[in-house]
Amino acid sequence: MSEQSTAGGPGPRSGWETEIERTVRRVRNIGELVAESNEPVVAQSPRREVYRKHKARLYRYDGPVRYGTPVLFVPNLGISRPTVFDLLPRASFIEYMVEQGFPFYLLDWGVFGPEDDHLTFADCATRILPRMGRKLLAHAEADSCSVVGYCMGAPLAVSFLGSHPDFPVRNLVNLAGPIDFAHAGLFGCWLDARYFNVDKLVDTLGQMPAEMVQLGFKLLRPTMDMSTGLNLWWNAWNDRYLEGYKALRQWSSEYVPFPGEFFRQWVRDFYQENRLAQGTLRVNGRPVDVNGITCPLLVVGAREDNIAPPAAVQALVDLVGSRDKEYMELPGGHISLIAGRSASRDCWPHVANWLAARSDESAAR
Amino acid sequence: MADPTSASDDLFAMWRKQMETGTEAWIKAAQQVASQGHVPNPPDPAQFWRQFSNFGPPGASPFPGAGPIDPDVLAQWKRFLDDWLAAWSRALEQVMGTEAFAEALGKTLDQFLSVQAKARQATESSTKAALESLGLPSREQVIGLSRQMMDLEDRIESLADQLDALGNRPAAAAPATTDPSPPRRQPRRKTAGGARKPKDPA
């Protein structure tokens, strides 16, 4: 806050001068924020489309290659766009991983329309993910790859790997991905089968609309908007903060709907029946054997995560058959693992170092 | 089933507790400022104007009547608001985590969907009739077309897979052919590193 705060002398006066100066900048910056229509340019890291299947795209990010084991990054489907993983230069998870030398591939699930309402969770785990995995291996000319799942991407990745034991996965990383839905927090309570009729919702609306997704997340933390506004006012003098705020605001204002059948299966099999953790999940007739996953595993949970509470995330450690496995819990919320100062300080380096120790050196070096 | 009245009592109790916590935080913040010697007297509302009437030597306090108020009080105010919001968030989270709230939410959604179903049915039938009269395809027809294209894409992929599989078959097992075209290029596989079988180093 104030640079000098000692009583008497020029200290408090300097503090006030600083505060007045900051307040002037706050007013000016917020005025500009309200008036300007230019949105910040996000997702600037150079990339190429490797493959596409329906709405899903597989992108390869350009950068120096130090490791021969490529990384397949599987984010959440629906809810939001994957721009948060590549928010701004020097504040991007993808940019960081690429700079560390990993051949980095992002699976972008896309934005779903009514024509995708029939797409199920099982389709994603047995038709899209295996194909994307094979295309990645062929493109990277590799024999195996690491899979990093974030949020819903983690249960998707686990369902894919558990139902495809022949897929050559080298390492698995779960970033804030819920696995045991007995600990799913408020969402688990609201989506309880006794109160939430998922069939009626999907049969009536066809899909889970973006507006309802937004409502659900706003309800999860009703004071979030006030808190964000307060922090904005407090930090609005800081141009760098404002730049990050604008990028994050752009990302967080764009919600993505769920395909209807996907949402039905997601709510019923995971939130209501907790099949993944209980070992009873089947995807398109294939049993999902989580214990059959034996590759090295890193699980990262966030202490104040109310979307995927740490207990729901940590459960994967006990379910897999891996011997090399690690759980790490970091302070902060769901997004703080993937964006923001604490992510770049605590989470990204740990993930990169963990993967680096378990990846091949690139033959091209 | 949880009693809704007990939930409202809980909410009131939490609100009261939160107010008490907030008051304590204010008192604590005021005590901290006072103990640092920054505000020997309570804040003086007229102090802003006093600087224009009291001119002292250079370096003297511009607020001779009331003494200087450190701008850190603003940081304390911000911390108080953060705590206040966090307390509200915790209180609301407790209320929203009750079965009574989940039940109420479910009922609200159910009612909304019942209304939506009727409204959608009416809108869709009238829109369909209007589009038909104009000779335009309906929403269902456009969606159907899109799905057909997606099915077609799947079939092409499946054919490509089968062709790849044929190309990867060993020469001895492949059927005799008179086709002089060159064999399909095998996808290159890196030999160094990356074991085919997943390995667990531990």
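This is a predicted model: local features need pLDDT of at least 70, side-chain atom pairs count only at pLDDT 80 or more; totals for chains, interfaces and linings use all residues.
Reader: Which residues touch the most other members in the largest nonpolar core?

Author: Trp109(A), Leu175(A) and Leu201(A) do so, in a core of 119 residues. Helix H3 of chain A, residues 121-140, gives the most to this core, with nine residues.

Reader: And what does Leu175(A) touch?

Author: Leaving aside residues up to four places away in sequence, the contacts of Leu175(A) include Phe93(A), Val148(A), Tyr150(A), Val300(A), Leu337(A) and Val351(A). There is also a second, separate core of five residues, and Leu33(A), Leu232(A), Ala236(A) and Tyr245(A) are among them.

Reader: Turning to Phe196(A), where is its place?

Author: Phe196(A) lies in the loop between helix H5 (185-190) and helix H6 (198-205) of chain A.

Reader: Is Phe196(A) buried or exposed?

Author: Phe196(A) is buried, because its relative accessible area is 10%, and buried means under 20%.

Reader: What does Phe196(A) touch?

Author: Not counting residues up to four places away in sequence, Phe196(A) touches Leu109(B) as well as residues of chain A, including Trp190(A), Leu201(A), Phe263(A) and Val267(A). Phe196(A) and Val267(A) are 71 residues apart in sequence, while their C-alpha atoms are 9.4 Å apart in space.

Reader: How many helices and strands are there in chain B?

Author: Chain B has five helices and zero strands, giving the pattern α-α-α-α-α along the sequence.

Reader: How many of the residues of chain B count as buried?

Author: Of its 202 residues, 19% count as buried. Chain B exposes about 14600 Å², and carbon and sulfur atoms supply 62% of that area.

Technical notes:
Residues are numbered from 1 along each chain as its sequence is written. Chains are lettered from A and ligands numbered from 1 in the order in which they are written. Side-chain values use heavy atoms; hydrogens and water are left out. A nonpolar core is a set of buried Ala, Val, Leu, Ile, Met, Phe, Trp, Tyr and Cys residues joined through side-chain atoms within 4.5 Å. Buried means under 20% relative accessible area, exposed over 50%, partly exposed in between (1.4 Å probe, protein chains only). Helices (H or I, at least four residues) and strands (E, at least two) are DSSP runs, numbered from the N terminus. Contact means heavy atoms within 4.5 Å. Accessible areas come from the Shrake-Rupley method with a 1.4 Å probe; for residues, only the protein chains shown count as cover.
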